[in-house]
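The structure comes first, followed by points grouped by topic.

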Amino acid sequence: MDLQDLPIFVILAVIAEVIGTVGGFGSSVFFVPMASYFMAFKTVLGLTALFHLSSNLSKIVFFRKGFDKNLVLYLGIPAVLFVIAGSLLSRYVKGEILNFVLGMFLVLFSIIFLIKKDLEIRPSKKNAFAGGVFSGFIAGLLGTGGAIRGATLSAYNLKKDKFIATSAIIDMGVDLSRSIVYTSSGYIGWSELYLVPTLFLVGIVGTYLGKRLLSRISQELFKKIVLLLLFGIGITTLALASTRF
């Protein structure tokens, strides 16, 4: 990425973190397709994992109202195990294909939740486990699984602070695991390391702004806006990915 693009990249990263915090889907669902415009997709995977470590730590600090221990156990453990599987698989798939699959995922996910506004996942240990498996695997393969985890957690009607704290703790384990795989696979080079402290600050600032905004806006309305944005980002990602084949 050229240094002249850095200010735009940082601004977009802050926006992704704010929207991810308020929308409950996590910043990676916006950060991954956005960052893919500036650098190679597998580099984005590595940076996203490191970015999320600071992002999730910030969420745990800012939303320290407790967390659901059972959900951390039944959803978090399978998520951590399967993020490793997804991360290892990403080694053998071309970045262009991963980008295309990401676009498809964003489009389908947004359409499903826009049409099925009252779509709910029954709160059970089995569904929590399934949500952990799927969200972890997708996070490892495509860099973003928070949307699936958010949909699973929403079935338990957690308060906002508890929802975000529980999701952040699970995501912390997910990101630590995939960071090791991505780093050992050479996804991040020395030329990109200067972005790590920058993204650390972005995670703190974006989470703080997201918390402030969360108290002033209807979460239901905001999620609808988020889904429309996801649809647009998905279509754009598909269009760009198709030109690279």
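## Helices, packing and burial

Helix H3 (residues 41-62) has 22 residues and spans 30 Å from its first C-alpha to its last, close to the 32 Å expected at 1.5 Å a residue. The expected span of a helix is 1.5 Å times one less than its number of residues. Helices (H or I, at least four residues) are DSSP runs, numbered from the N terminus. This is a predicted model, in which local features need pLDDT of at least 70 and side-chain atom pairs count only at pLDDT 80 or more, while totals for chains, interfaces and linings use all residues. Residues are numbered from 1 along each chain as its sequence is written, and side-chain values use heavy atoms, with hydrogens and water left out.

**Helix H3 and Thr43**

- H3 is mostly covered, with 16 of its 22 residues buried; buried means under 20% relative accessible area, exposed over 50%, and partly exposed in between (1.4 Å probe, protein chains only).
- Thr43 is found in helix H3 and is buried, with a relative accessible area of 11%.
- Leaving aside neighbours within four places in sequence, Thr43 is in contact (heavy atoms within 4.5 Å) with Tyr187, Ile188 and Glu192.

**Packing of H5 and H6**

- Helix H5 (residues 95-115) packs with helix H6 (residues 125-142) at an angle of about 135°, and their axes are 10 Å apart.
- Axes are lines fitted to C-alpha atoms, for helices over the stretch in contact, and angles run from 0 to 180 degrees between N-to-C directions.
- H5 and H6 are therefore oblique to each other; angles under 35 degrees count as roughly parallel, over 145 as roughly antiparallel, 65 to 115 as roughly perpendicular and the rest as oblique.
- On the H5 side the contact is made by Leu98, Val101, Leu102 and Phe105, and on the H6 side by Ile138, Leu141 and Leu142.
- The residues of this contact divide into seven nonpolar, no polar and no charged; Ala, Val, Leu, Ile, Met, Phe, Trp, Tyr, Cys and Pro count as nonpolar, Asp, Glu, Lys and Arg as charged, and the others, Gly among them, as polar.
- Val101, in helix H5, counts as partly exposed at 34% relative accessibility.
- The C-alpha atoms of Val101 and Gly132 are separated by 20 Å, and the two residues are 31 residues apart along the chain.

**Helix H7 and Gly150**

- Helix H7 (residues 146-153) is mostly covered: eight of its eight residues are buried.
- Gly150 lies in helix H7 and counts as buried at 7% relative accessibility.
- Gly150 and Ser135 are 15 residues apart in sequence and 9.2 Å apart in space, C-alpha to C-alpha.

**Ala165 in helix H8**

- Ala165 has its place in helix H8 (residues 160-184) and is buried, with a relative accessible area of 4%.
- From C-alpha to C-alpha, Ala165 and Phe62 are 8.6 Å apart in space, and they are 103 residues apart in sequence.

**Helix H9**

- Helix H9 (residues 195-214) has 20 residues and reaches 27 Å from its first C-alpha to its last, close to the 28 Å expected at 1.5 Å a residue.
- The buried residues of H9 are Leu195, Leu199, Val202, Gly203, Gly206, Thr207, Gly210 and Leu214.
- They cover an arc of only 125° around the axis, which puts them on the same side of H9; the arc is that of the directions from the helix axis to the C-beta atoms.

Terms used. Helices (H or I, at least four residues) and strands (E, at least two) are DSSP runs, numbered from the N terminus.
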